[in-house]
Amino acid sequence: MTPTLEEYKRILDFPNNSHKIYLKRRFEDTASEVVNLLGLGKINQCRVADGGFKWKVIEARMKKNAEEGKLGDERYRLVAFAIFGLVLFPSEIGVISLEAANVFIEYEHDRINPSSAILGETMLSLNHCRTHGKGAMRCCIPMLYLWIISHIETPKDIFNNFWWFDLRPLKVTIDETWKN
Amino acid sequence: MLNSSIQVFLAEIMTNHLSFQEFGQEFELTQVAEGKCPRIDASRLPCITKINHMVHYLGKLLPIMEYIDETLFERRYGRIAQLMRLPIQAAAIKALLNF
């Protein structure tokens with residue numbers, strides 16, 4: 001599992017990697033923390049009944065920022081929050097889960113690398129789908145696909161056209177370690 | 001369970017001088033009996049039928065990225081924005097699920 005975690009970290013390439021592992025939510029009220037961080041206004045308007053955030057509210061705010069040409073950190077934070085909620089930690093359709101919001105807050109405050117959380121979610125999702133034989137995979141599918149592809153050795157160049165496909169962290173590490 | 005069965009077999013290797021090939025065969029038979037063998041005919045796990053791996057709302061998120069300076073974004077959040085543009089082959093995900 002550890003090599004896989006290192007591969008995930010290397011592919012995602014989060015800056016200021018402090019090697020802190022994401023463990024558990026520390027913030028008592030994640031929702032209000034997110035609302036303050038993103039400047040979303042009233043909590044009740046942007047949350048669904050069971051706790052997650054409405055994608056439509058986030059989308060409307062992002063569009064408004066883009067139209068107004070707004071600058072500053074908030075613009076980047078909103079897009080990053082949307083990617084965390086839709087791509088890295090997907091939940092129900094149209095909802096950004098509190099878990100995704102919590103990982104985002106941890107990253108914003110302490111720069112805690114979310115790679116371990118992404119991998120953990122992926123393992124749980126794979127296990128669920130394998131056990132039941134069907135279902136929706138609620139994990140970071142693009143990352144999983146990238147990981148699979150990065151382990152395929154082929155003489156053709158088709159897998160080496162993209163910058164990330166040159167990264168075979170495990171192979172590079174082994175070559176460097178066992179060279180002598 | 002797995003550790004205890006390995007210990008039993010290791011003890012057998014030590015006492016009865018089992019070869020590693022024999023050890024492997026016996027260990028596989030135990031796994032089959034417990035229903036944990038990855039072989040399709042021996043496994044009790046159901047076949048993979050329908051898996052939904054869609055990433056929703058990407059079509060709405062991607063246009064907004066045009067208004068963002070991606071270099072600055074990557075400095076702050078790594079390569080997460082580039083993950084969105086990755087075309088995914090469903091067959092690869094489905095193949096992995098069988099292991």
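Me: Leaving aside its neighbours within four places in sequence, which residues is Ala100(A) in contact with?

Reply: Ala100(A) is in contact with Phe84(A), Gly85(A), Leu88(A), Phe89(A) and Ser91(A). Two residues are in contact if their C-beta atoms, placed from the backbone, lie within 7 Å. The model is predicted, and local features need pLDDT of at least 70, side-chain atom pairs count only at pLDDT 80 or more, while totals for chains, interfaces and linings use all residues. Residues are numbered from 1 along each chain as its sequence is written, and chains are lettered from A and ligands numbered from 1 in the order in which they are written.

Me: What makes Ala100(A) a buried residue?

Reply: A residue is buried if 20 or more other C-beta atoms lie within 10 Å of its own, exposed if 12 or fewer, and partly exposed in between, with C-beta atoms placed from the backbone. Ala100(A) has 28 other C-beta atoms within 10 Å, and therefore it is buried. Its place is in helix 6 (residues 98–110) of chain A.

Me: Why is Arg111(A) called partly exposed?

Reply: Arg111(A) has 14 other C-beta atoms within 10 Å, so it is partly exposed. The residue is found in the loop between helix 6 and helix 7 of chain A.

Me: What sets the phi of Arg111(A) apart?

Reply: Phi of Arg111(A) is positive, at about 55°, although the residue is not a glycine. Most residues other than glycine have a negative phi.

Me: Is Tyr57(B) buried or exposed?

Reply: Tyr57(B) has 20 C-beta neighbours inside 10 Å, so it counts as buried. Tyr57(B) lies in the loop between strand 1 and helix 3 of chain B.

Me: How many helices and strands are there in chain A?

Reply: Chain A comes to nine helices and three strands. Helices (H or I, at least four residues) and strands (E, at least two) are DSSP runs, numbered from the N terminus. From the N terminus on, the order in chain A is α-α-α-β-α-α-β-α-α-β-α-α. Chain B has six helices and one strand, in the order α-α-β-α-α-α-α.

Me: What share of each chain counts as buried?

Reply: Of the 180 residues in chain A, 36% are buried. For the 99 residues of chain B, the share is 7%.

Me: What puts the buried residues of helix 2 of chain A on the same side?

Reply: The buried residues of helix 2 (residues 30–38) of chain A are Thr30(A), Val34(A) and Leu38(A). They cover an arc of only 50° around the axis, and so they are on the same side of the helix. The arc is that of the directions from the helix axis to the C-beta atoms. The face turned away from the buried side carries the exposed residues Ser32(A) and Asn36(A). The cover over the buried residues includes helix 5 and helix 6 of chain A.

Me: At what angle do helix 4 and helix 5 of chain A pack?

Reply: Helix 4 (residues 55–68) and helix 5 (residues 73–88) of chain A pack at about 145°, with their axes 10 Å apart. Axes are lines fitted to C-alpha atoms, for helices over the stretch in contact, and angles run from 0 to 180 degrees between N-to-C directions. In this contact, Ile58(A), Arg61(A), Met62(A) and Asn65(A) of helix 4 meet Arg75(A), Leu78(A), Val79(A), Phe81(A) and Ala82(A) of helix 5. By class, the contact has six nonpolar, one polar and two charged residues. Ala, Val, Leu, Ile, Met, Phe, Trp, Tyr, Cys and Pro count as nonpolar, Asp, Glu, Lys and Arg as charged, and the others, Gly among them, as polar.

Me: How many residues of each chain take part in the contact between chain A and chain B?

Reply: The contact takes 34 residues from chain B and 36 residues from chain A. By class, the side of chain B that touches chain A has 23 nonpolar, six polar and five charged residues.

Me: How do you know that strand 3 of chain A and strand 1 of chain B pair?

Reply: Two strands pair if DSSP finds at least two bridges between them. Strand 3 (residues 134–136) of chain A and strand 1 of chain B have three bridges, in the parallel sense. Lys134(A) stands opposite Lys50(B) in strand 1 of chain B.
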